[in-house]
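User: I have a model open here and would like to talk it through. Could you take me from the overall picture down to single residues?

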Amino acid sequence: MSNLLEGRAEINETRIFIKCDKREGIEAAINAIKRHRLLLEKYILQRPEFKVALEPIEVENDSPLVVQRMAEAANIAGVGPMAAVAGVLADLGAEAAIKEGAKTVMVENGGEISIIGDYTFNVQIKAGKSPISGKIGLKVTPKDMPLGIATSSGTSGHALSFGIADAVTVVADNAGLADAAATAICNAVKGETSEEAIGSGLEVAQRILCIRGAIIILGEHVGIWGRLPQIILFENKF
């Protein structure tokens with residue numbers, strides 16, 4: 001297959017990067033993310049508690065699709081719905097590209113990734129100040145797809161976290177669930193030692209239904225659980 005086309009967009013604080021085999025697919029993905037993000041903002045004006053909830057919250061049957069997806073992922077992971085927002089928007093963008101006729105698409109929304117298609121992607125894992133940051137990643141092949149990858153950190157970034165992990169990367173069937181699960185697992189990475197903290201996170205990972213696997217990075221330590229794509233090494237971190 002020839003190299004994929006690339007596209008980028010910024011929507012307020014949302015940073016989107018897309019790889020796709022059709023230019024129309026990139027445009028469809030960006031437009032879908034803009035549309036669903038606007039619907040979410042309007043919903044939050046009506047229900048401000050949706051934005052600040054730290055636990056699952058029920059939503060109306062006629063609520064926007066983005067809201068329903070976020071609430072569903074949050075319910076499975078046991079966190080507030082905003083923990084799934086970036087992943088769900090990535091999923092909706094990827095789905096829009098496929099509906100437009102694209103065969104392969106990768107949508108990254110602030111580090112949360114949704115992939116559909118028949119192309120192989122190498123995904124690096126950033127882990128703050130950990131010496132492992134950028135040195136390991138996942139090789140995602142067509143047999144792994146559709147796939148969602150999300151990373152949460154207790155030591156870097158702006159997302160709220162109650163844990164101390166440099167990175168928790170979760171793999172699931174979609175990015176929305178991966179996003180919510182990464183938050184839940186990252187919150188649980190606590191303990192007097194790195195081994196204890198990672199163990200606590202892995203215990204939570206095993207209890208979350210529907211996710212495929214997780215990688216926890218804390219300093220020089222790594223914990224791995226589940227059915228992950230092939231783990232690969234990168235020579236240079238960035």
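User: What share of the 238 residues counts as buried?
Analyst: Of the 238 residues, 53% count as buried, where buried means under 20% relative accessible area, exposed means over 50%, and partly exposed lies in between, with a 1.4 Å probe and protein chains only. This is a predicted model, in which local features need pLDDT of at least 70 and side-chain atom pairs count only at pLDDT 80 or more, while totals for chains, interfaces and linings use all residues. Residues are numbered from 1 along each chain as its sequence is written, and side-chain values use heavy atoms, with hydrogens and water left out.

User: How many helices and strands does the protein have?
Analyst: The protein has 6 helices and 11 strands, taken as DSSP runs numbered from the N terminus (H or I over at least four residues for helices, E over at least two for strands). Its radius of gyration is 17 Å, close to the 18 Å from the globule rule for 238 residues, so the protein is as compact as a globular protein of that length; the radius is taken over C-alpha atoms, and the rule is 2.2 Å times the number of residues to the power 0.38. The C-alpha trace spans about 50 × 45 × 30 Å along the principal axes.

User: And what about contacts, how many join residues at least 24 apart?
Analyst: Among contacts between residues at least 6 apart in sequence, 55% join residues at least 24 apart, a contact being heavy atoms within 4.5 Å.

User: Let's zoom in on Thr-169. Is it buried or exposed?
Analyst: Thr-169 is found in strand β8, residues 167-172, and is buried because its relative accessible area is 2%.

User: Which side chain does Thr-169 join in a polar contact?
Analyst: The side chain of Thr-169 has a polar contact of 2.8 Å with that of Thr-151. The term stands for a pair of N or O atoms within 3.5 Å; within protein, one must be able to donate a hydrogen and the other to accept it, and residues adjacent in sequence count only if both atoms are side-chain atoms. Leaving aside neighbours within four places in sequence, Thr-169 is also in contact with residues including Ile-125, Ile-149 and Ala-214.

User: What does Ala-182 touch?
Analyst: Not counting residues up to four places away in sequence, Ala-182 touches Ala-150, Thr-151, Ser-152, Val-168 and Val-170. Ala-182 lies in helix α5, residues 175-188, and is buried, with a relative accessible area of 1%.

User: Ser-152 came up there; where is it found?
Analyst: Ser-152 is found in strand β7 and counts as buried at 6% relative accessibility. With residues up to four places away in sequence not counted, Ser-152 touches Ala-167, Val-168, Ala-182, Thr-183 and Cys-186.

User: What is phi of Cys-210?
Analyst: Phi of Cys-210 is near 80 degrees, a positive value in a residue other than glycine. Cys-210 has its place in the loop between α6 (194-207) and β9 (211-218), and it is exposed, with a relative accessible area of 53%.
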